[in-house]
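Trainee: Please take me closely through one packing contact in this model. Then link that contact to the rest of the structure.

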Amino acid sequence: MLAVRDLAVRFGGVTALERVSFEVRPGSITSVIGPNGAGKTTAFNAITGYLKPSGGRVTYDSVALTGLRPSAIARRGIVRTFQKTSVFPALSVEDNVLTGLHLRGTAGFFAVLAGRRRLAAEERKLASDAAAVIDFVGLGHRRRAIASALPYGEQRLVELAVALAAKPRLLLLDEPGAGMTGSEKAVVSGLIRRVREQGLTVLLVEHDMRIVMGISDTVIVLNGGRVIAEGAPAAIQAHPEVIRAYLGGPAGAA
Amino acid sequence: MTRGGGVILAAAALALPFWLQSPYHLHVAIMAGIFGVLAMSLNLLLGYTGQLSLGHAAFFGIGAYTSALLTLKLDWSFWPALGVAVALAALAGFFIGRLALKLRGAYFVLVTISFAGVISLVSVNWIELTNGPLGLPGVPAPALGPWSLRSKTAYYYLVLTAVGLSYLVCRRLVRSRIGRALVALRENEPLAESVGVDVTHYLVLAAVVSAAMAGLGGSLYAHYTRFVSPEVFLFTYTVTMVIMVVAGGKGTLAGPLVGAVLFTVLPEALRAAASWQWQMLVYGVLLVLLVFFLPHGIVPWLAGAMPRLAGTVSASPAPPPPDAPPARG
């Protein structure tokens, strides 16, 4: 279980996050929503080690993550995607995913130099793992395509495949539906559900309410760097503070 | 490069001394081989991790001086001196790698330039050890058991072995998960970290292997020219290496070798053909044209052109080139 306690991030005088606390139950799909500038991506960056929080702590299965480097956090089974499309641009889809499989490989420097026979077996295993992940996101026909040459929607799927290849237990998705067409969003929603069925926990930041309300078990609403509401999608949609935060209103909720 | 092509090239390289009768031509071949090792070394950093080391001559020079000093002052034989030269260069690479972790891009370039500058100053001023600007003459030629490798033909095969070993090291690294991690750092460092690629580990590893190979080149150079002076740290050496890597095709396995051969042979050919003012002019113009028309380098261009040419003959869909630009090769 991921537990965020009193997480605070300040950039100089600007407070991006102010004592944010929430938990993500194992096997759930949890969405973080909020207006632009609410601190959603900042929270992601602080959880995954890309940003050093000014205060508070993040634990996963009671082990502290705060202060660890992103790669060390990935090794503990927490893998993220990025808001801006983020692939290895010059590499083929297959090589993108093979790179994502980094932690599943074991070959060290000297074993590689010695050209051990078991390395070839490991490479074959990795290649078949990569093929499985590529098929899972539905890019089987694009295996050899260079990532940067793919249409935007497919690049986002590559990104998802790279993250899944790293075998996360907790997958953090930063706006997986951003900039996608309606049908592409449906595909992504379906993929997120199937990812959860495979036993992964998913935490996502998303603006598209159809995605959020359609797949989430729990929705957390951030505004002005604080959690203003948390609950099931139906309860959140009716929550007065949330409506005020999104639509504006007389009371100074923000 | 295809397997068949590689075998043919290797056979041609092995047979070279039999049809290069002139010692001068053999000398050019030896220098091309030494620069081949250096260019492959630089390519590991520049082509695969994407970090430009403009102080690469420092590792080359450390290798050259270490080997020369150990054989001259301590009467070591060539082989252990070579080993220590490689190890010391690797150690320097380790420190540069650690230092460079916080710095990328232009700052990394500056650190490497400064490092080469400092080492060069030491070689000029630590006269008791290095004999200062006068350099160290009389570096002994290596021997293999009872056989001296003093002859150009023998030395050619020694250098060729080093080229082969360096190529093998690069190839095994590049085609492993380690190579994928290096390329991942070049392509998208935050994403690489997010899937568990340890930046510290892999950048330092690349710097160490790269520096070790440059040290190997330095030691081979010292025992070939039999003379080492602070000139080994000249910026020209680094620039030549960069030109070779970029022109040949950075981030490909064969590129640095192609670049090394071309840019060792070209100045010599020009020297035979024109007066010195024209040499530099032609060299410069050729370089500009090459970079302008083949921005990814010769090898990626060939890899892209060959399936196209083959396609016009056989009309069958060509397989994607294994050394396709600018992916890992």
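Mentor: Start in chain B. Ala181(B), Leu182(B) and Leu185(B) of helix 8 meet Val199(B), Tyr202(B), Leu203(B) and Ala206(B) of helix 10. Contact here means C-beta atoms, placed from the backbone, within 7 Å. Helices are DSSP runs (H or I, at least four residues), strands are E runs of at least two, and both are numbered from the N terminus.

A word on the source: this is a predicted model, in which local features need pLDDT of at least 70 and side-chain atom pairs count only at pLDDT 80 or more, while totals for chains, interfaces and linings use all residues. Residues are numbered from 1 along each chain as its sequence is written, and chains are lettered from A and ligands numbered from 1 in the order in which they are written.

Now the geometry. The axes of helix 8 (residues 177-187) and helix 10 (residues 199-225) of chain B come within 10 Å and cross at roughly 105°. Axes are lines fitted to C-alpha atoms, for helices over the stretch in contact, and angles run from 0 to 180 degrees between N-to-C directions. The two helices of chain B are therefore roughly perpendicular. That label covers 65 to 115 degrees; under 35 is roughly parallel, over 145 roughly antiparallel, and the rest oblique.

By class, this helix contact has 7 nonpolar residues, no polar and no charged. Nonpolar means Ala, Val, Leu, Ile, Met, Phe, Trp, Tyr, Cys and Pro; Asp, Glu, Lys and Arg are charged; the others, Gly among them, are polar.

In the largest nonpolar core, of 173 residues, Val97(A), Ala161(A), Ala165(A), Ala89(B) and Ala206(B) touch the most other members. Such a core joins buried Ala, Val, Leu, Ile, Met, Phe, Trp, Tyr and Cys residues through C-beta atoms within 7 Å. Buried means 20 or more other C-beta atoms within 10 Å, exposed 12 or fewer, partly exposed in between. Helix 10 of chain B gives the most to this core, with 18 residues. In soluble globular proteins, nonpolar side chains tend to be buried together.

Cross to chain A. Val97(A) touches Ala130(A), Val133(A), Ile134(A), Ala161(A), Val162(A) and Ala165(A), not counting residues up to four places away in sequence. The contact between the chains takes 32 residues from chain A and 25 residues from chain B. On chain A, helix 2 (70-75), strand 6 (78-80), helix 3 (93-100), helix 4 (109-114) and helix 6 (152-165) each supply at least two residues. The chain A side has 19 nonpolar, 9 polar and 4 charged residues.

Strands pair if DSSP finds at least two bridges between them. Strand 10 runs antiparallel to strand 9 (residues 218-223) of chain A, joined by 5 bridges. There, Leu222(A) stands opposite Val227(A).

Terms used
Two residues are in contact if their C-beta atoms, placed from the backbone, lie within 7 Å.
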